[in-house]
Protein chains: 2
Amino acid sequence: MVSRKTVSRMSRYRRLLQSLRETGVESIYSHQLARHAVVSAAQVRRDLMVIGYSGSPNKGYDVTACIDSISHFLDGPVRQEVALVGAGNLGHAVLSHFADKSPTVAIVAAFDVDPALTGTLIHGVRCLDARLMESLVRDLRLQIAVLTVPGTVAQEVAETLVRAGVKSIISFAPTPLALPNDIFVEYMDITAALESAAFFARLGGRDEPPANGDGDIEPIVRKLESLLARSNMKLEELAARIGADVVTPGKAGGTSVARIYAGDRVSDLLNEASDKTLLVSNLASVQMLRVAELMDVPGICFVNGIRPDEEMVQLARDNDTLLMVSPQGVFETCGRIYQTLDGEHA
Amino acid sequence: MVSRKTVSRMSRYRRLLQSLRETGVESIYSHQLARHAVVSAAQVRRDLMVIGYSGSPNKGYDVTACIDSISHFLDGPVRQEVALVGAGNLGHAVLSHFADKSPTVAIVAAFDVDPALTGTLIHGVRCLDARLMESLVRDLRLQIAVLTVPGTVAQEVAETLVRAGVKSIISFAPTPLALPNDIFVEYMDITAALESAAFFARLGGRDEPPANGDGDIEPIVRKLESLLARSNMKLEELAARIGADVVTPGKAGGTSVARIYAGDRVSDLLNEASDKTLLVSNLASVQMLRVAELMDVPGICFVNGIRPDEEMVQLARDNDTLLMVSPQGVFETCGRIYQTLDGEHA
DNA sequence: AGAGAATCGTGACAGAATTCACAGCGTTCG
DNA sequence: CGAACGCTGTGAATTCTGTCACGATTCTCT
């Protein structure tokens, strides 16, 4: 019996060979194909042995003939048709992934419960009401299904599919499926993949990124949604009111903001900042400034009287970012700004 | 050293345990957890042994304590942040998949070359210009990346990421990545999964779907895009012109169509047919009729003088589908219809 | 023509992953 | 109280997967 992994590698070889053929390669040695596929040469030879394809000792494998052999092995005599269940985000992505590809295996129908989707064409595939699924899958003799439904219904849907004659399921749901043993199930568990990746990222060497940059500080975040910031006060004026020094002037004609964001996590900044946000932060680092610049943040307020160094000042000046330094901490600075705006507003 | 598979199962166990806890389960035996996870009981015990968690022989494993143990093992001391590269269909899907999930590992930035995407928020994650990727990944100390870019650029992007300090990559690209050995790569190869599924579907028992329906015939498709079909001719009149018998009358008041589709593949019908399409087919089967009904096809023309059986006639009548039988084959029938319309139009 | 070089095919092997099987231990019940 | 039961933890056996090494084959070069 040929193993699941072998089959999967076969699919990979074929794709590599096809793309190689397009670049004009006519024959290839096992070690070359191995390098492309990132496996060992012995592995390649053994795999090709399984499907009974033989190369010649001097020319290696004939690319076209080998593709044909793999195809003969992998593909059935007729096109195999696939149902996709769950036309949400993932479903769409999978459909687009297979649009116009592979004539030998094709997704021919999608199913979803959402009435807004049923009847529409998604990347060339008709989306139908999920209630029709069982009878249609049966009628169309579909033996393969892609499951892109929420985990909560995955089991139930899978059972229905099996009842309708499906033999293989590819599940993107995070739930394991309890199904008869003769049903082939391939899990694409994105969550597990990500968590594994996280685990091994941590393991694989504690070393710093290769050069560049200086470190984040502790992840203390104090976010203040300044809902009152409809005031027209200029940052220059605000600085004066809270007793902060303006280090670089920012845009000519004054700078005003609609929100204030206080925090030290560079990554949060990506989500929170905008061109209308004043950033208040403990972290006076170049990276902070770079990200701020990236997000078109018009003004930044450092706290605790920490003066930015020359490099940062230069950077801020170049970008017309207003830079101020408050003598107090984040909390007090925020508090005073809040009060100021509140008074202004009332 | 703990293996990749074990880690991935751990992630699975944790999710199962979490959902079990929500339903009020406080302790669980290895064989129960095994059944949920679709692995063997011994496997569960051995895996839990790896992380050093011990249950009690009579109560089994304490669900909460076990979750904590797994978390202690899997999660790092700080939240791990992830970059996503390629905010196309798949990228969107992955982002939505992880939106608001898992506080211990989070996608904090997305990158794409498309200027229409950069600057936008996608499922709560900021999408940025891919040119900023290297420096931002470096500055943010991201060690994990999800690759949802086309296969053609996957290698290049991966190399850049590694240069920026990334340690783990999850790749959805169909291309194997050649990277240093200490980089963890997890492939989510959808194409390979589908082709494997197709292979094993074919293998797993040649048996028919459990009851119901009768088979498709050979996949001969002749598609005729009747671009001229702007004629107002009613199907009844058309039938008369081409010498076809009308078996069931269809909607009261006559039936007209804008397109003609000829073919025998039920699955193609799903994509091609509409409520303005006349279907011409060799295949006089109940399933054909069912699908036609599903797509609101107003009229069907069988060929070669094959009369539909009583069941089909009844079905067509019930659905107000016009059913006609042409004495000739698909080719001739199509030809004559074409000619008729052409003449009509000229 | 014959030696040499390179590669394929494959039996034998090594290592990983999984399952088996049983000792050890608490619980329950007579 | 003691035997019987059922579960865990783990050494041993088994199965699966991939690698090694070497004979066989074909071409090239002298």
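Two residues are in contact if their C-beta atoms, placed from the backbone, lie within 7 Å. Keep that rule at hand for this tour of a predicted model, in which local features need pLDDT of at least 70, side-chain atom pairs count only at pLDDT 80 or more, and totals for chains, interfaces and linings use all residues. Residues are numbered from 1 along each chain as its sequence is written, while chains are lettered from A and ligands numbered from 1 in the order in which they are written.

**Stop 1**

Helices here are DSSP runs (H or I, at least four residues), numbered from the N terminus. Now pick out the contact. Asn89(A), Leu90(A), His92(A), Ala93(A), Ser96(A) and His97(A) meet Asn89(B), Leu90(B), His92(B), Ala93(B), Ser96(B) and His97(B). Ala, Val, Leu, Ile, Met, Phe, Trp, Tyr, Cys and Pro count as nonpolar, Asp, Glu, Lys and Arg as charged, and the others, Gly among them, as polar.

Axes are lines fitted to C-alpha atoms, for helices over the stretch in contact, with angles running from 0 to 180 degrees between N-to-C directions. Helix 5 of chain A passes helix 5 of chain B in a left-handed crossing (the near helix is turned anticlockwise from the far one by less than a right angle; clockwise is right-handed).

**Stop 2**

Next, select helix 8 of chain A and helix 1 (residues 4-22) of chain B. Their axes come within 9 Å and cross at roughly 125°. So helix 8 of chain A is oblique to helix 1 of chain B. This crossing is right-handed. Helix 8 of chain A brings Thr191(A), Ala192(A), Glu195(A), Ser196(A) and Phe199(A). Helix 1 of chain B answers with Arg4(B), Val7(B), Ser8(B), Ser11(B), Arg12(B) and Arg15(B). By class, the contact holds three nonpolar, four polar and four charged residues.

**Stop 1: the whole contact**

Zoom out to both chains. The contact takes 74 residues from chain A and 73 residues from chain B. Which helix gives the most to the side of chain A that touches chain B? Helix 8 (residues 190-203) does, with 13 residues. That side has 37 nonpolar, 22 polar and 15 charged residues.

Superpose chain A on chain B. A rotation of 179° with 0.1 Å of shift along its axis does it (RMSD 0.2 Å). The same surface serves both copies: 97% of the contact residues of chain A recur in chain B.

**Stop 2: the DNA strands**

Show DNA strand C. Around it are 21 residues, the closest being Ser30(A), Ser54(A), Pro57(A), Ser3(B) and Ser40(B). A residue is near a strand if its C-beta atom, placed from the backbone, lies within 6 Å of it. Helix 3 of chain A gives the most to this surface, with five residues.

Finish at DNA strand D. Of the 25 residues around it, Ser3(A), Pro57(A), Ser30(B), Ser54(B) and Pro57(B) come nearest. Helix 3 of chain B gives the most here, with five residues.

Note on methods:
Helices (H or I, at least four residues) and strands (E, at least two) are DSSP runs, numbered from the N terminus. Copies are superposed by least squares on the C-alpha atoms of residues with pLDDT of at least 70 in both. Angles under 35 degrees count as roughly parallel, over 145 as roughly antiparallel, 65 to 115 as roughly perpendicular and the rest as oblique.
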